[in-house]
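Student: I have a model open and would like to understand the words used to describe it. Could we go through them together?

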Amino acid sequence: MEISIDINEVKRFMGYGGMTSVDERQERLIAELKALMEKTIKPAAVWRVFDITPTDEGPALAGTALVLKGADIRRHLAGCDRCVLLCATASAKADELIRRKQREDMEQGFIADCIGSAAAEAVCNALERELAEKLKGKYMTWRFSPGYGDLPLAIQPQLLAVLDAPKRAGVTCLDSLLMVPSKSVTAVIGLSDKPVEKGRQGCAVCNMADSCRFRKEGVHCGL
Amino acid sequence: MDFKKLMNEKEFIILDGAMGTMLQAAGLGAGENSEMLNLTRPELIEEINLGYIEAGSDIFYCNTFGANRHKLRSVGKTPAEIIPIAVEIANRAKARASRKAYCALDIGSIGQLLEPNGTLTFEEAYDIFKEMILAGKDADCIVIETMTDLIEAKAALLAAKENSDLPVLCTMTFEENMRTFTGCCIESMAATLGGLGADAIGINCSLGPRELYPAVEKLCSVTNLPVIIKPNAGLPDPVTNKYNVMPEEFGELLKKMIPLGIKIVGGCCGTSPDYIRAVVKNFEGEKCAAVKKTLPSMVCSANTAVVIDCPRIIGERINPTGKKRFQQALREHDLDYICNQAIEQIDAGAEILDVNVGLPGIDEKEMMISAVKAVQSICDTPLQIDSSTPEVLDAALRIYNGKPIVNSVNGEEKSLNAVLPLVAKYGAAVVGLCLDEGGIPKSVEGRVAIAEKICRRADEYGIPRSDICIDCLTLTCSAEQEAAMQTLEALRICKEKLGVRTVLGVSNISFGLPQREIVNRTFLTMALTKGLDLPIMNPNIASMTSAVRAYRLLANIDRNAEEYVANYGGETPAATAPAVKQEEMTLGYAMSKGLKNDAAAITAKLLESTDPMEIVNGILIPELDRVGAEFEKGKLFLPQLIQTAGVAQSCFEVIKEYLSKNGAAGVSKGTIVICTVKGDIHDIGKNIVKVLLENYGYTVIDLGKDVDPALVVKAAKENDVKLVGLSALMTTTLGGMEETIKLLRANHECKIMVGGAVLTPEYAEKIGADYYARDAKQSCDIAKEVFGQ
């Protein structure tokens with residue numbers, strides 16, 4: 001899978017928010033670590049298309065016991081008769097590199113961590129390109145993840161099981177619902193034959209809205 | 001079940017096809033628990049088992065793949081309630097069948113990753129598998145399958161070998177890059193699982209027979225065990241969820257693998273009895289092409305296999321002997337220090353790392369386990385476990401991920417009887433020292449005789465010669481000048497006569513002489529020409545590492561001088577000059593520019609004329625304060641704060657080294673226990689806080705991540721700390737934080753600060769914390785307040 005990590009996204013994860021110029025030394029460090037991360041990781045992803053039927057609790061996925069609960073996911077899938085369930089990961093090798101860099105040098109460890117997060121996003125982007133190719137002619141909404149808005153994070157284990165993600169992408173989940181490897185993403189994308197609003201994340205459904213540093217400063221993270 | 005007999009009687013052993021696919025066809029939803037069907041629909045499982053036997057399976061799998069404690073929790077059952085019933089069902093199917101077949105207790109992945117990727121410990125995983133194995137004792141054999149993590153496969157295999165006499169088949173799941181999701185390579189799997197005593201090894205799931213061909217080819221070339229292949233029915237279509245290889249084609253593709261040497265075949269996801277029938281048809285009348293090969297000498301971690309087919313550098317620096325700073329690190333349980341010793345040596349060219357943590361007054365066994373785990377969590381370099389205590393070796397061999405070298409056994413009866421069984425059990429390689437009850441023989445013949453004795457005894461345990469590394473022992477040249485040539489002569493003879501590898505600690509040769517590097521390097525070069533395979537040396541000394549690389553070039557091992565040029569080709573004699581020369585630089589300037597090496601050098605220079613504490617309080621801390629203040633004002637950002645902290649850390653390291661050398665204890669401003677709470681594994685925030693607190697002179701006891709509340713209390717009480725810092729990243733782990741605070745309040749009088757991405761001051765107050773730390777800088781301010789500085 002060809003992925004390209006977005007440097008600006010890395011800087012955003014680092015807290016720079018695109019409004020500060022990074023010094024030359026750190027700029028170089030970011031570039032070096034990005035190259036190292038790209039060389040080290042073994043991105044993996046799995047996705048499957050499901051028919052959805054509305055229920056009182058929220059959209060249900062055909063052929064599974066999974067119900068996507070909440071008003072926000074219902075809104076997200078409005079006008080869609082099917083959805084893509086996906087799981088993408090920058091792999092355990094990303095975690096290992098971050099661990100190593102933290103032991104070696106905290107600054108590099110921190111940057112590597114931010115690059116790892118950007119790498120997971122990059123895997124998702126690559127996967128979305130693949131989806132667009134495979135599902136030509138379909139209209140898609142954006143990637144809505146468990147924990148956004150009122151879609152409970154608690155569905156994570158079931159979502160991973162439905163995708164057989166431990167086997168097919170090497171992604172598992174702890175009892176505390178954290179995914180391992182840590183730089184992994186699960187998401188739901190709505191599919192429709194008719195145009196749907198792609199939308200974007202925005203602050204309303206973000207679970208960091210209360211403690212967001214960007215918001216406090218009156219700016220936006222860009223997602 | 002007599003597995004060997006079955007192997008001899010049958011040209012090929014046919015396994016079954018998928019269970020999950022059959023269950024889904026019968027109405028099981030994706031992601032639903034399939035083991036419950038043993039209780040709710042036993043007749044369905046029996047029909048599936050029977051269907052495979054009648055299709056031609058010699059061994060079929062019981063419906064127990066996910067019947068482990070962890071996965072069954074969601075349906076409120078235990079392995080003991082499910083597994084015996086699944087085996088009973090299988091035995092009923094056997095009794096009804098028209099042909100003979102055997103049933104296997106099927107053991108899949110637990111569903112949670114082990115340390116260091118996840119939180120499950122090796123012993124917890126072992127225990128989960130042991131429970132399954134005891135519950136499935138009435139099966140005919142054990143199958144461990146779909147493993148992606150070598151250490152998990154090892155836990156399962158060890159649990160099987162130690163709790164059952166049944167034959168064990170072991171398969172792992174590889175991707176197209178011929179690695180598992182956790183990065184395990186085929187050579188490492190073969191060496192590790194083969195060494196641990198698996199009866200057959202192989203590959204299952206993930207891809208179809210077409211895509212897996214290269215992986216099977218590789219596996220067949222690196223093992224003498226029967227090879228298993230159980231692929232999926234091709235690849236599933238994400239839209240229709242249908243697999244793309246049909247039964248007939250499946251059978252044909254598997255048949256194409258016969259020349260590779262496969263012995264045991266079946267199908268995984270997407271296959272059915274039709275696929276097995278197609279395999280049987282295609283394999284009829286064919287002959288197994290497996291041949292016995294001479295396997296190379298090899299050691300490995302899960303991700304890296306090092307073949308000892310030419311001189312390989314063993315780094316010797318993880319060893320406290322004669323190193324005060326290292327001893328201090330061991331006493332302080334400073335795993336960061338040990339990890340950095342590992343990274344430094346690897347960057348310098350070490351290919352294997354010796355790990356020795358023996359020091360009077362410390363618990364060597366516990367320290368060895370911690371050190372091996374820590375080093376393996378940050379690098380892929382294979383390790384050499386170095387201890388004179390068999391108990392320590394045993395503990396390290398258990399949790400080691402891969403195939404290590406044991407350092408060492410010698411010709412003494414006591415040593416042979418204690419160490420060789422461990423080497424055999426865990427399938428390790430071993431260093432054999434040419435000494436015995438009578439000491440080190442002076443003569444060449446005497447040393448060779450001991451080497452022969454070690455080899456003979458190793459033979460009795462089934463340890464192959466390729467796993468024995470004989471050390472003819474380097475004696476100090478200044479004391480016994482004639483000994484150097486005797487050592488080298490003994491080395492040559494052992495290598496030629498015994499078919500072993502040779503290993504030698506080279507640095508000892510020059511003890512007591514001036515300009516030791518000259519002697520060491522020359523002795524190393526001489527030894528290499530006599531056939532030394534494994535020099536144990538300090539790779540950080542450039543002339544030593546370059547001697548090995550130059551040898552590999554001259555001996556025509558390093559083809560086209562690729563390695564040599566890669567390492568020395570780009571070297572320019574003078575580094576580009578910095579904007580400011582180091583002599584003119586102040587420590588403050590170096591810190592503000594993130595110049596770690598310069599800052600360390602300036603600190604070392606300052607120490608010649610300045611009191612260490614004056615450097616700390618007069619330069620380092622004020623600079624940190626300045627950067628911290630800028631950070632608070634929003635003029636500087638977190639990465640820049642960490643950058644300065646990193647530079648300060650390198651200065652502190654120089655000061656620590658200095659104090660340690662001069663026997664002076666460092667001055668601590670107070671001790672703080674910190675951790676990432678139970679359930680949470682995102683520890684970067686906590687690690688940043690740690691670095692900063694240490695910079696301000698606090699002693700930080702870092703308990704790591706996913707820490708049990710009881711451990712936090714224990715550490716807080718034992719060290720009588722006044723301040724505890726807790727970190728949690730996710731809303732789901734804030735519960736772990738609250739629980740820890742409650743337990744601390746009930747047991748120990750101290751202040752508690754909390755921090756983490758989703759935390760708010762209000763929430764911190766609600767769960768009973770004394771302080772909310774917005775960021776690492778504020779953690780330091782809180783510490784100052786608590787400790788009154």
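This is a predicted model: local features need pLDDT of at least 70, side-chain atom pairs count only at pLDDT 80 or more; totals for chains, interfaces and linings use all residues.

Student: What makes helix 5 of chain A and helix 27 of chain B roughly antiparallel?

Tutor: Helix 5, residues 106-134 of chain A, packs against helix 27 of chain B at an angle of about 160°. Angles over 145 degrees count as roughly antiparallel, and therefore helix 5 of chain A and helix 27 of chain B are described that way. Their axes lie 10 Å apart.

Student: Which residues make the contact between helix 5 of chain A and helix 27 of chain B?

Tutor: Helix 5 of chain A brings A:Met106, A:Gly109, A:Phe110 and A:Asp113, while helix 27 of chain B brings B:Ile684, B:Asn687, B:Ile688 and B:Val691. By class, this contact of helix 5 of chain A with helix 27 of chain B has five nonpolar, two polar and one charged residues.

Student: How many residues does each chain give to the contact as a whole?

Tutor: Chain A gives 51 residues and chain B gives 54. On the side of chain B that touches chain A, the elements giving two or more residues are helix 14 (335-348), helix 15 (364-378), helix 26 (638-661) and helix 27 (684-695). Helix 26 of chain B provides the largest share of that side, six residues. The residues on that side of chain B divide into 23 nonpolar, 27 polar and four charged.

Student: Let's turn to chain A. What makes strand 1 of chain A mostly covered?

Tutor: Strand 1 of chain A spans residues 44-54, and eight of its eleven residues are buried. A residue counts as buried when 20 or more other C-beta atoms lie within 10 Å of its own. For chain A as a whole, buried residues make up 53% of its 223 residues.

Student: How do you know that strand 1 of chain A pairs with strand 3 and with strand 2 of chain A?

Tutor: Pairing needs at least two bridges. Strand 1 of chain A has eight bridges to strand 3 (residues 82-89) of chain A, running antiparallel, and three to strand 2 (residues 59-61) of chain A, also antiparallel. Both counts therefore meet the requirement of at least two bridges. You can check partners in your viewer: A:Ala45 is bridged to A:Ala88, A:Val46 to A:Cys87, and A:Ile52 stands opposite A:Leu61 in strand 2 of chain A.

Student: Why are strand 2 and strand 4 of chain A called edge strands?

Tutor: The five strands of this open sheet in chain A follow the order 2-1-3-7-4, with antiparallel pairing. Strand 2 and strand 4 (139-140) of chain A each pair on one side only, and that makes them the edges.

Student: And which strands does helix 6 of chain A lie across?

Tutor: Helix 6 (residues 156-163) of chain A lies across strand 1, strand 2, strand 3 and strand 7 of chain A, at about 95° to strand 3.

Conventions. Residues are numbered from 1 along each chain as its sequence is written. Chains are lettered from A and ligands numbered from 1 in the order in which they are written. A residue is buried if 20 or more other C-beta atoms lie within 10 Å of its own, exposed if 12 or fewer, and partly exposed in between; C-beta atoms are placed from the backbone. Two residues are in contact if their C-beta atoms, placed from the backbone, lie within 7 Å. Helices (H or I, at least four residues) and strands (E, at least two) are DSSP runs, numbered from the N terminus. Ala, Val, Leu, Ile, Met, Phe, Trp, Tyr, Cys and Pro count as nonpolar, Asp, Glu, Lys and Arg as charged, and the others, Gly among them, as polar. Axes are lines fitted to C-alpha atoms, for helices over the stretch in contact, and angles run from 0 to 180 degrees between N-to-C directions. Angles under 35 degrees count as roughly parallel, over 145 as roughly antiparallel, 65 to 115 as roughly perpendicular and the rest as oblique.
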